[in-house]
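Subject: Structure handover

Hello,

Here is the structure for your files. My notes on it follow below.

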Amino acid sequence: KKVHLFGDSTLRQWFEYLTAFVPGIRRFDLGNSIKAGPLCALDMQNNIMLEYCAHGPPIQFTTLSSQHLYYISNKLNEIKGGKDTVISIAICAHFNTFPVEVYIRRLQHIRRSILQLLSRNPDTVVVLKTANVRALTQDVILNYSDWFSFQLDLLMRRMFAGIKVAFVDAWEMTIAHYMPHNIHPHQVIVKNEIDVFLSHACPHEKR
């Protein structure tokens, strides 16, 4: 399997969880920042490659080299695809402080690239992770809003309706959980998200 994770730091949590808990998978040091990436991990015995890339601007969590600013649509255009290719995308958190038109335009580019990828190889698995709630502390609430995040989340669901993609509903998982709200959810929630992701990436064959 080739597993590509494209998105924000909530998807980097998936990479960190998988490399910590999946036996046999080991990080391959590319010399990049843990926060910024790109990051890579390999399981040579089971022929698994795991890759994380942060999405292109706007990005707010750390300083990034321009050579590591990848637009998701461009990365998708480089992928051949196939039954052993799994792609997960998360793109919302860093668009919360921008007009909705910026987000719509980005989603349009990603949607077009996904359709082209699926036309090249319909067996490719594409999984979209939805937005999740954040802790609205005094320093955050001036610029961020869960209400606006929810509007962006609805937009994303509508944009990708009717095409062959699966969803990991992180919004419902985080808002309904007993753990406090956090833009970077607790590990128990990350595990739940990955369980759903893997149910799409590695479905049980019908007997």
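Is leucine 142 buried or exposed? Leucine 142 has a relative accessible area of 73% and is therefore exposed; buried means under 20% relative accessible area, exposed over 50%, and partly exposed in between, with a 1.4 Å probe and protein chains only.

Before the rest, some ground rules. This is a predicted model, in which local features need pLDDT of at least 70 and side-chain atom pairs count only at pLDDT 80 or more, while totals for chains, interfaces and linings use all residues. Residues are numbered from 1 along each chain as its sequence is written, and side-chain values use heavy atoms, with hydrogens and water left out.

Surface patch

Leucine 142 sits in the loop between helix H4 (138-141) and helix H5 (146-159). Helices (H or I, at least four residues) and strands (E, at least two) are DSSP runs, numbered from the N terminus. Together, Leu136, Ile141 and Leu142 make a nonpolar surface patch of about 320 Å². Patch residues have over 30% relative accessible area and no salt bridge; like charges are joined within 9 Å, and nonpolar side chains (Val, Leu, Ile, Met, Phe, Trp, Tyr) within 5 Å. A salt bridge is a side-chain nitrogen of Lys or Arg within 4 Å of a carboxyl oxygen of Asp or Glu. Accessible areas come from the Shrake-Rupley method with a 1.4 Å probe, and for residues only the protein chains shown count as cover.

Strand E1

In strand E1 (residues 2-7), five of the six residues are buried, so the strand is largely enclosed by the rest of the structure. E1 runs parallel to strand E4 (residues 48-54), with six bridges between them; histidine 4 is opposite glutamate 51 of E4. E1 also runs parallel to strand E5 (residues 85-90), again through six bridges, and glycine 7 has alanine 90 of E5 as its bridge partner. Strands pair if DSSP finds at least two bridges between them.

Glutamine 13

Glutamine 13 belongs to helix H1 (residues 9-21) and is buried, at 14% relative accessible area. Beyond its neighbours within four places in sequence, glutamine 13 is in contact (heavy atoms within 4.5 Å) with Ile183, His184, Pro185 and Val190.

Cysteines

There are zero disulfides, a disulfide being a pair of cysteine sulfur atoms within 2.5 Å. Cysteine 202 is in no disulfide either, with the nearest cysteine sulfur, that of cysteine 40, 17 Å away. Cysteine 92 is buried at 5% relative accessibility, whereas cysteine 202 is partly exposed at 46%.

Regards
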